[in-house]
Amino acid sequence: MIFFDCNVSYGILGKWLRPVRTINDVIPALESAGIQKAVVSRVDLIIGGNKSLAEDIKGINGLYGVWTLIPTHTGEIPDPETMLKLMKENKIIGWRLNPNLARFIPKVFVLRDWLEAACARQIPIFINTGDGVSLETLADLLEKFPELTVVLTYKNVWPSDRLLRPFVAEYPNVYLDMTYCFIEGAIESIAGKYGSGWLLYGSGFPECYFGANMLMIKHADISEIDKAAIAGENLSRIIAEVRYD
Amino acid sequence: MINSNSQLAQEFWEKGRLTHCPILDFHAHMGEDPLSYLPRYSAEAMLQTMNTCNTILTCFCGFESLAAPAAGELKDLEVVRKYPDRFKAYHSVFSMGLHPEEDLERVAQNPDAFVGFKFLCDYNNVTLSDSRHDPYWKYADENRLLVLSHTWGGSRFNGPEEVEKIVSQYPNLIFLAGHSLHGDWGKAAELAGKYENLYLELTAVLDDRGALELFIEKGLSQKLLFGTDLPWFSTHHGIGAVLSAEMTDEERRNIFYRNGARILSRFGWFPSLNVPN
């Protein structure tokens with residue numbers, strides 16, 4: 001079983017009990033935990049952070065990046081088509097929204113060109129509700145762009161099935177990052193009802209431990225095929241479907 | 001693998017449960033929770049989880065007992081009577097509707113079922129030290145019981161100041177700070193180091209990487225107790241977090257069962273654990 005972590009961060013702006021400032025702090029932690037692949041994002045400056053992330057993961061097997069978006073209206077970052085070329089060259093597999101940090105409104109009229117490109121090119125958008133995109137806001141985005149591929153991190157440890165399952169049921173490309181979904185029996189319950197194809201292993205490192213959700217998945221009462229899907233194959237499939245050209 | 005520096009982690013990884021490293025769970029509930037969908041809320045479902053992880057004993061307070069002790073406690077007692085070696089109960093202290101005579105009588109009549117009391121002051125807007133709670137504290141102190149309380153940093157109802165008032169006044173009870181004064185980790189460590197009768201319980205601590213390491217660095221591995229909030233949080237998730245944190249396997253054993261066995265040894269019904277290393 002190969003673990004492919006969908007939620008790893010590092011950077012100088014991270015407010016963690018045990019800060020992880022550089023990619024050099026991430027790599028040994030991944031190795032010690034037995035994580036083969038990870039999607040990493042940098043909690044940092046946005047324009048400079050995107051550039052630094054690409055430099056950090058260059059040449060490092062198993063690491064893939066997510067770039068942070070801001071509205072194109074200010075011309076600070078490349079337009080979607082230009083960005084796609086840069087993404088392909090730099091192992092960048094998705095986009096994330098952080099309106100809390102970047103100070104914009106996560107509405108359709110603000111992000112329309114990004115959302116259109118994401119749908120057309122099957123680029124996953126990484127949504128963390130802790131970054132300022134509420135579930136209500138996400139619902140509005142999906143209502144207009146129902147084919148959008150979303151990796152949803154609901155940043156709340158309270159049981160969330162009543163909140164999250166309708167997204168999976170309604171929208172074909174919404175995936176749940178399990179970082180904060182560790183209710184006893186939840187894996188078995190949701191995989192039993194909707195299949196294992198919607199769940200992604202995520203650690204939330206460095207805020208959380210790699211091994212907590214790993215052990216939960218490894219010993220869940222589901223088939224080995226389902227475990228492998230959740231551990232990493234689902235995320236690999238999402239990334240393989242990105243159309244850069 | 002989880003943690004290449006830990007033999008215990010590698011064994012748990014392969015087997016999921018270890019006979020030579022049992023689990024004692026000091027923070028659990030049971031039954032339907034109107035606030036949440038919980039797939040495994042029955043006693044039998046929780047027992048299945050316990051068997052999967054080799055949790056040998058779980059101390060719980062049913063959700064119904066937290067809001068309506070008169071009805072809920074009977075259900076909790078029924079579970080303990082059915083599975084006396086696997087479950088023990090905390091009697092709820094429902095601060096918004098206290099009936100101390102009735103509650104203490106129920107505890108007195110069932111000394112092999114109740115390990116002590118459960119306080120949830122943040123949810124009832126009553127402080128731990130409120131004089132209406134005095135009969136419970138006195139009874140727990142006189143009978144050397146365990147008291148599990150929801151505790152949270154910054155709370156005026158069950159924050160550090162309130163906890164200190166209780167542990168300093170009632171030295172014979174064991175105070176289990178549920179959630180370890182969540183967020184106020186430094187103060188939690190300070191108080192646990194200062195008061196012999198104060199233990200830090202780890203439910204909802206284990207998803208904050210770093211808090212556990214802070215406690216260990218302060219030399220508190222013998223003052224920490226494992227807990228899951230079952231049927232909320234996955235037991236394997238909690239075990240995986242402890243296995244991932246920076247500490248020795250001996251310190252992990254303290255958390256998983258040694259500290260718990262030590263404080264449960266005050267009850268005549270608790271058997272001595274014969275655990276080979």
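Select strand 1 (residues 4-10) and strand 2 of chain A: the two pair in the parallel sense over five bridges. Strands here are DSSP runs of E of at least two residues, helices are runs of H or I of at least four, both numbered from the N terminus, and two strands pair if DSSP finds at least two bridges between them. The model is predicted, so local features need pLDDT of at least 70 and side-chain atom pairs pLDDT 80 or more, whereas totals for chains, interfaces and linings use all residues. Residues are numbered from 1 along each chain as its sequence is written, chains are lettered from A and ligands numbered from 1 in the order in which they are written, and side-chain values use heavy atoms, without hydrogens and water.

Within this pairing, display A:Phe4, which stands opposite A:Lys37 in strand 2 of chain A. Strand 2 (residues 37-42) of chain A is mostly covered, with five of its six residues buried; buried means under 20% relative accessible area, exposed over 50%, and partly exposed in between (1.4 Å probe, protein chains only).

Now move to the cavities. The whole structure holds three cavities of 30 Å³ or more. A cavity is a set of points, on a 1 Å grid over the protein atoms alone, where a 1.4 Å probe fits but cannot get out, and its lining residues have an atom within 4 Å of a point. Grid points are joined across faces, edges and corners, and a volume is the space filled by probe spheres set on the points.

The largest cavity has a volume of about 140 Å³. Of its 17 lining residues, select A:Asp161, A:Leu176, A:Cys181, A:Ala186 and A:Ile190, the closest to its centre. Helix 7 (161-170), strand 7 (174-177) and helix 8 (186-194) of chain A each supply at least two residues of this lining.

Finally, turn to the aromatic rings. Rings of Phe, Tyr and Trp (its six-membered ring) pair if their centres lie within 6.5 Å; planes under 30 degrees apart count as stacked, over 60 as edge-to-face and the rest as tilted. The count comes to 21 aromatic pairs over all chains. Select B:Trp232 and B:Phe233, an edge-to-face pair at 5.7 Å centre to centre with 85° between the planes. B:Trp232 is buried at a relative accessible area of 8%, and B:Phe233 is buried at 6%.

Technical notes. On a 1 Å grid over the protein atoms alone, a cavity is a set of points where a 1.4 Å probe fits but cannot get out, and a pocket is an open set with protein on both sides within 12 Å along at least five of seven lines; lining residues have an atom within 4 Å of a point.
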